[in-house]
Amino acid sequence: MNAVVFGATKGIGRAVARELAQRGDRLFLFGRHPADLERSATDLDIRRGQSAVAGSAVCNLSDPATFGPALAAAKSALGEIDLVVVTAGEFATQAALEADLARAHVLLAANFTNTVLFCEEARRYLLPRGGTLCVFSSVAGERGRKPVIIYGAAKAGLSRYLEGLDHKYRSAGLKVVCVKPGFVKTSMTAGLKPPPFAGTPEQVARIAVKAIDRGTPVVYAPGIWRLVMLVIRLLPRAVMRRIEF
């Protein structure tokens with residue numbers, strides 16, 4: 001399989017790239033910094049014992065002008081693109097976002113508007129191939145919750161977009177996979193107290209790759225979060241106002 005991994009230099013994206021490389025997929029990596037991309041490519045080649053990475057390109061969620069050239073470079077290097085995985089995104093605590101609206105603006109644009117714009121460009125490459133678009137959203141978008149109001153709102157919008165994309169294009173051959181991780185122990189969440197059921201990048205990556213292979217429209221990672229969020233969705237609004245979850 002010829003796969004593009006957007007966000008391959010950190011955390012979950014790096015773990016997904018490793019999973020794909022170790023099973024023999026050819027990869028093209030997207031990330032913000034050329035030096036980080038080069039290190040990730042070297043790591044993947046060493047792990048597989050042979051070349052796993054066909055190339056890389058700078059692609060930044062905060063700069064939509066990078067999307068088209070990066071995808072064109074991937075198509076040129078790979079020949080065809082069968083899979084695009086999007087793990088890139090921004091995160092900040094609710095307190096930090098409330099204190100800095102400029103930072104909130106950056107996060108909202110990256111996690112919703114620009115991710116959607118990237119997916120729209122990627123869709124044009126994948127649809128003729130009957131390919132797969134796998135995008136990481138979050139359980140934070142399942143319901144309005146005090147600790148993740150702004151971040152959760154962006155992820156809620158992204159999840160609904162991916163659902164609509166699946167409804168419209170699945171019959172035409174495009175498989176859309178929305179991965180909803182719970183709390184994952186990465187550099188993005190460093191300094192925050194992990195809740196119960198916190199996952200690791202490797203654990204989440206394995207779940208995501210299985211969902212890609214099966215074409216599963218929505219998958220929670222770790223799986224226990226499906227049950228947790230079912231309970232949260234059923235709680236009355238009066239209860240949600242009192243709890244801090």
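Contact here means heavy atoms within 4.5 Å. I note at the start that the model is predicted.

Entry 1, Asn2. I looked up what Asn2 touches. Leaving out residues up to four places away in sequence, I found Arg26, Leu78, Glu80, Ile81, Asp82 and Leu83. Asn2 sits in strand β1. Its relative accessible area is 14%, and buried means under 20%, so I list Asn2 as buried. I also looked at the side chain of Asn2, which reaches the backbone oxygen of Glu80 at 3.1 Å.

The largest nonpolar core here has 32 residues, and the members touching the most others are Val4, Phe6, Phe30, Val84, Phe118 and Leu133. Several elements supply at least two residues each, including β1 (2-6), β2 (26-31), α3 (67-78) and β5 (132-136). Helix α5 gives the most, six residues.

Leu133 is in contact with Val84, Val86, Cys119, Ala122, Leu126, Leu165, Leu174, Lys175, Val176 and Val177. I then found another core lying apart, of 31 residues, with Val16, Phe136, Val204 and Ala205 among them.

I looked for nonpolar residues on the outside. Phe197, Ile224, Leu227, Leu230, Val231 and Leu234 form a nonpolar surface patch, with about 560 Å² of accessible area together. I put Leu230 down as partly exposed because its relative accessibility is 39%.

Conventions
Residues are numbered from 1 along each chain as its sequence is written. This is a predicted model: local features need pLDDT of at least 70, side-chain atom pairs count only at pLDDT 80 or more; totals for chains, interfaces and linings use all residues. Side-chain values use heavy atoms; hydrogens and water are left out. Patches are made of residues with over 30% relative accessible area and no salt bridge: like charges are joined within 9 Å, nonpolar side chains (Val, Leu, Ile, Met, Phe, Trp, Tyr) within 5 Å. Accessible areas come from the Shrake-Rupley method with a 1.4 Å probe; for residues, only the protein chains shown count as cover. A salt bridge is a side-chain nitrogen of Lys or Arg within 4 Å of a carboxyl oxygen of Asp or Glu. Buried means under 20% relative accessible area, exposed over 50%, partly exposed in between (1.4 Å probe, protein chains only). A nonpolar core is a set of buried Ala, Val, Leu, Ile, Met, Phe, Trp, Tyr and Cys residues joined through side-chain atoms within 4.5 Å. Helices (H or I, at least four residues) and strands (E, at least two) are DSSP runs, numbered from the N terminus. A polar contact is a pair of N or O atoms within 3.5 Å; within protein, one must be able to donate a hydrogen and the other to accept it, and residues adjacent in sequence count only if both atoms are side-chain atoms.
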